[in-house]
Amino acid sequence: MKEKKAVQKTTGIIKEFKDFISKGNVIDLAVGVIIGGAFSGIVNNLVTNLVTPAISLLTGKVSFTDLFIALDGGEYATLAAAQEAGVATINYGLFIHAVIDFIITAFVIFLLVKGINKIRSMGKKDEPVVEAAPTTKVCPFCKTEINIEATRCPNCTSEVE
């Protein structure tokens, strides 16, 4: 009896998993992750080969990859030389590079979402806002709010039109 319940639980979980996987949202998410990975490669290339050299030209040919602090107090010409010597380093230049990467990625995604939203809104017509008919009115004698169909005010018992 216990074996039968265990088999039913297993097939139930498998069925639930198949239902979960076959839903469109999961597939959309998977496609988004794959495209995001490819997009990340493009943005990294843009930052590494265009933006970083342009910024280093403006900052006096300083390469972000060579901005680091050697924790042994020594002077090294490049990060590669410090790493070759086995020195621990704080690589703040690589962090700056990553921040630039993030800003460019966020800006491009912002532009894409803005463009998609604009395209979506082009197909929709602005529908006029229809105000709902009033359901209450104010008693002219005691100024309380009453049902619109009332002929007498429940508060002051005056007849209202």
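What radius of gyration does the chain have, and what would a compact globule of 161 residues have? The chain has 34 Å, whereas a compact globule of 161 residues would have a radius of gyration near 15 Å; the radius is taken over C-alpha atoms, and the globule rule is 2.2 Å times the number of residues to the power 0.38. This is a predicted model, in which local features need pLDDT of at least 70 and side-chain atom pairs count only at pLDDT 80 or more, while totals for chains, interfaces and linings use all residues. Residues are numbered from 1 along each chain as its sequence is written, and side-chain values use heavy atoms, with hydrogens and water left out.

**Confidence**

- The mean pLDDT of the chain is 83, and 92% of its residues reach 70 or more, pLDDT being the predictor's confidence in each residue, from 0 to 100.
- Confidence is lowest in helix α1 (residues 2-22), at a mean of 72, and highest in strand β2 (residues 89-90), where the mean is 94.
- Where pLDDT is low, the predicted coordinates should not be read in detail.

**Overall form**

- The chain holds 4 helices and 4 strands, which follow the pattern α-α-β-α-β-α-β-β along the sequence; helices (H or I, at least four residues) and strands (E, at least two) are DSSP runs, numbered from the N terminus.
- Taken along the principal axes, the box filled by the C-alpha atoms is roughly 95 × 70 × 40 Å.
- The accessible surface comes to about 13,200 Å², and 64% of it belongs to carbon and sulfur atoms; the areas come from the Shrake-Rupley method with a 1.4 Å probe, and for residues only the protein chains shown count as cover.
- Of the 161 residues, 15% are buried, where buried means under 20% relative accessible area, exposed over 50%, and partly exposed in between (1.4 Å probe, protein chains only).
- Among contacts (heavy atoms within 4.5 Å) between residues at least 6 apart in sequence, 26% join residues at least 24 apart.

- Leaving aside neighbours within four places in sequence, V47 is in contact with T52, P53, H97, I100, D101 and I104.
- L46 has its place in helix α2 and is partly exposed, with a relative accessible area of 32%; beyond neighbours within four places in sequence, L46 is in contact with V51 and I104.
- The C-alpha atoms of L46 and C156, which are 110 residues apart along the chain, are separated by 76 Å.

- K137, in strand β3 (residues 136-138), counts as buried because its relative accessibility is 18%.
- Not counting residues up to four places away in sequence, K137 touches T144, E145, I146, N147, I148, A150, V160 and E161.
- A polar atom of the K137 side chain lies 3.1 Å from the backbone oxygen of A150; a polar contact is a pair of N or O atoms within 3.5 Å, where within protein one must be able to donate a hydrogen and the other to accept it, and residues adjacent in sequence count only if both atoms are side-chain atoms.
- I148 is found in the segment after β4 (145-147) and is partly exposed at a relative accessible area of 37%; with residues up to four places away in sequence not counted, I148 touches P134, T135, T136 and K137.
- The C-alpha atoms of I148 and A30, 118 residues apart along the chain, are separated by 55 Å.
- S158 also lies in the segment after β4 and counts as buried at 19% relative accessibility, and leaving aside neighbours within four places in sequence, S158 is in contact with F141, T151, R152 and C153.

**Backbone angles to check**

- Most residues other than glycine have a negative phi, and most peptide bonds are trans.
- K143, in the loop between β3 and β4, has a positive phi of about 65° although it is not a glycine, and K143 is exposed, with a relative accessible area of 58%.
- T157, in the segment after β4, has a positive phi of about 60° although it is not a glycine, and T157 counts as exposed at 52% relative accessibility.
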